[in-house]
Structure formats: C-alpha cells, structure tokens
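The following note sets out some points on the packing of one protein, for a colleague who has the model at hand.

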Amino acid sequence: MSEPIGGGAHAGDGHTGGPVTTVVTRHVRSGHGPSYEEALQRLLVEARALDGYLGADVHPAGPGAPQLTYTRVFRFGALDHLRAFEASELRARFLAEVAEHVEADAVWSTSTGLERWLDPPAGTVVAQPVR
C-alpha cells in the first residue's frame, strides 16, 4: 500500500495558501492490520472526490518493527481543504470504523511549505561522511 493514491477531481480549484502536507501516524493492534488496511483503502478511494485532495501515500511499519505503525501522508491544495476533510463525515466514518483496530489516537503533523520534504522521517539514520 505504499503507492500514491491519485488526486481529487477538484485539486486545482483556485484556493490560495499553497499546498498542505499532513503526516498521520497510527498504531494498529496486533492482528488487526488487514482490517485497518481495508478501511484505510476505502477512505483513500472516497477522498479522491474531496475538494483540494491531491493524494496520499501509506507506509506500514517495516518487517521486524516492534509495533504495527502506519504512517499516512495526505496532501491537500490548501489549508481550508485539509480543515474540511478533518470535519468531514467521511473522516468521522473512518474513525468509527477503525476504532476497534487501533491502540490510540493518531498523531498529526501538518506542514504548509517545503519543510516537510527537508525533514527525514522519525527514526531515520543519516549516514555521516567518512573523515
């Protein structure tokens, strides 16, 4: 599930403020990964119809990770598009559907500029040059 999910039908609808990227991290209960992924896939497919939705990437925890953690990267055309998604019935349905599959509330981190692309993901080991 790490391929990008296509953009929405209204991605270039003229809102100002520039694109917004939100990284959402969620811990999933052991054995609940497939159910969580099914619900997440439905969310991402339905999100394509949202105004300003530019797409999403999903990154499950790698093999051997101590906890099943999913990182989702959502992109919206403007901050008001993200806020509309946060208040949407679609998101409320998703949260209700996955409640039994997750261990805690999601952790959200939102960026409105290039800073998202310049920070390595948490836990990334950056190789140091040989001196």
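**Notes on helix packing in the predicted model**

1. In H1, the residues Tyr-36, Ala-39, Leu-40, Arg-42, Leu-43, Glu-46 and Ala-47 meet Leu-90, Arg-93, Phe-94, Glu-97 and Val-98 of H3. Sorted by class, this contact comprises 8 nonpolar and 4 charged residues, with no polar ones. The model is a predicted one.

2. The axes of H1 and H3 lie 10 Å apart, and the two helices pack at an angle of about 175°. Angles over 145 degrees count as roughly antiparallel, and H1 and H3 are therefore roughly antiparallel to each other.

3. H1 spans residues 33–47, 15 residues in total, and its first and last C-alpha atoms are 21 Å apart, close to the expected 21 Å. Its buried residues are Gly-33, Tyr-36, Ala-39, Leu-40, Leu-43, Leu-44 and Ala-47. Viewed down the axis of H1, these buried residues fall within an arc of 140°, so they line one face of the helix. In general, an α-helix has 3.6 residues a turn, so residues three or four places apart point the same way.

4. Which elements do the buried residues of H1 pack against? They pack against the strands E1 (20–27), E2 (53–60) and E3 (69–76), as well as helices H2 (79–86) and H3 (89–98).

5. In H3, Leu-90, Arg-91, Phe-94 and Val-98 are buried. They cover an arc of only 95° around the axis, which places them on the same side of H3. The exposed residues Glu-89 and Ala-96 are carried on the face of H3 turned away from its buried side. The cover over the buried residues of H3 includes H1, E3, H2 and strand E4 (107–111).

6. Is Ala-78 buried or exposed? Its relative accessibility is 0%, so Ala-78 counts as buried. Ala-78 and Pro-19 are separated by 59 residues in sequence, yet their C-alpha atoms are 4.8 Å apart in space.

7. For the protein as a whole, the secondary structure amounts to 4 helices and 4 strands, which follow the pattern β-α-β-β-α-α-β-α along the sequence. Of the 131 residues in the protein, 34% are buried. Among contacts between residues at least 6 apart in sequence, 78% join residues at least 24 apart.

Conventions:
Residues numbered from 1 in each chain as written. Predicted model: local features only at pLDDT ≥ 70, side-chain atom pairs only at ≥ 80, totals over all residues. Heavy atoms only, no water. Expected span 1.5 Å × (residues − 1). Buried < 20%, exposed > 50% of the residue type's maximum accessible area, 1.4 Å probe, protein only. Arc of directions from axis to C-beta. Contact = heavy atoms within 4.5 Å. Axes fitted to C-alpha atoms, helices over the stretch in contact; angles between N-to-C directions. Parallel < 35°, antiparallel > 145°, perpendicular 65-115°, else oblique. Nonpolar A, V, L, I, M, F, W, Y, C, P; charged D, E, K, R; others polar.
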